[in-house]
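I opened a new page for this chain. My plan is to look up a few places and write down what I find.

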Amino acid sequence: VTQCRPEGTFRTGERGLFVQGGVIKYGSLGSVCNVGDKVMAKYRHGSTYPATVQRINADGSITVNWDDGDGQVNLDPAEVFKDKVPCSGKIAVCGTTPVNDGEPHHVAVTFSQSAGSSVTLYVDGNLETSGTL
């Protein structure tokens, strides 16, 4: 865990584990992309091109600077990709074991891009759930 928040959520990196409704979820509460990240973004005609995130807008849309020097504002985060994952922050897998019971819990997540971006979530050494991003 690299960051703990007062409301009980925490992040472990660019994608994160967090507690919501007393159970562990893996994904993101917001965008998995940050300002300055190198991404691939869809242009108007559907092809993707390299870009850098310039701003995450208040409405969740993303402003990028294309590597050729042009910029584009208000891109749908589902059309901007970091490490082949949409920046939409969609929650990938959700556990069911309550972890807000005041007891310590061991939580582990495995991620495999070679297996189609599969995610497996373990709580207290037991397989909790798995899914794909």
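**Entry 1: a cut-off, then aspartate 124.** I need one rule before I start: buried means under 20% relative accessible area, exposed means over 50%, and partly exposed is in between. The model is predicted, and I keep that in mind throughout. I found aspartate 124 in the loop between strand 13 (118-123) and strand 14 (126-132). I then looked at its backbone. Phi of aspartate 124 is near 55°, a positive value in a residue other than glycine.

**Entry 2: asparagine 74.** I checked another backbone angle. Asparagine 74 is not a glycine, yet its phi is positive, at about 60°. This residue lies in strand 8.

Entry 3: I turned to strand 7 next. How many of its 5 residues are buried? I noted 4, and strand 7 is mostly covered. I looked for its partners. Strand 6 (residues 48-56) pairs with strand 7 in the antiparallel sense, over 5 bridges. Within strand 7, valine 64 stands opposite valine 53. Strand 6 and strand 7 form a hairpin, with 5 residues between them. Glycine 60 sits in that turn and has a positive phi of about 95°.

I then followed the chain to strand 8. Strand 7 and strand 8 are also antiparallel, paired over 3 bridges. Isoleucine 62 has leucine 75, in strand 8, as its bridge partner. These two strands form a hairpin with 4 residues between them. In the turn I found glycine 69, with a positive phi of about 105°.

**Entry 4: salt bridges.** How many salt bridges are there by the rule used here? The count comes to 2. I took aspartate 37 and lysine 82 to begin with. Their side chains meet in a salt bridge at 3.0 Å, N to O. The pair links distant parts of the chain, 45 residues apart: aspartate 37 is in the loop between strand 4 and strand 5, and lysine 82 is in strand 9 (residues 80-82). Are the two residues buried or exposed? Both aspartate 37 and lysine 82 are buried. For aspartate 37 the relative accessible area is 14%, which is why I list it as buried.

A polar atom of the aspartate 37 side chain lies 2.7 Å from the backbone nitrogen of asparagine 34.

I moved on to lysine 38 and aspartate 67. Their side chains meet in a salt bridge at 3.8 Å, N to O. This pair also links distant parts of the chain, 29 residues apart: lysine 38 is in strand 5, and aspartate 67 is in the loop between strand 7 (62-66) and strand 8 (71-75). I looked up how open each residue is. Lysine 38 has a relative accessible area of 58%, so it is exposed. Aspartate 67 comes to 46%, so it counts as partly exposed.

**Entry 5: lysine 84.** Where does lysine 84 lie? I found it in the loop between strand 9 and strand 10 (85-86). Its relative accessible area is 76%, so lysine 84 is exposed. I also checked its distance to methionine 40. The two C-alpha atoms are 8.1 Å apart, while the residues are 44 apart along the chain.

Conventions:
Residues numbered from 1 in each chain as written. Predicted model: local features only at pLDDT ≥ 70, side-chain atom pairs only at ≥ 80, totals over all residues. Heavy atoms only, no water. Buried < 20%, exposed > 50% of the residue type's maximum accessible area, 1.4 Å probe, protein only. Polar contact = N/O pair within 3.5 Å; in protein donor to acceptor, adjacent residues only side chain to side chain. Salt bridge = Lys/Arg side-chain N within 4 Å of Asp/Glu carboxyl O. Pairing = 2+ DSSP bridges.
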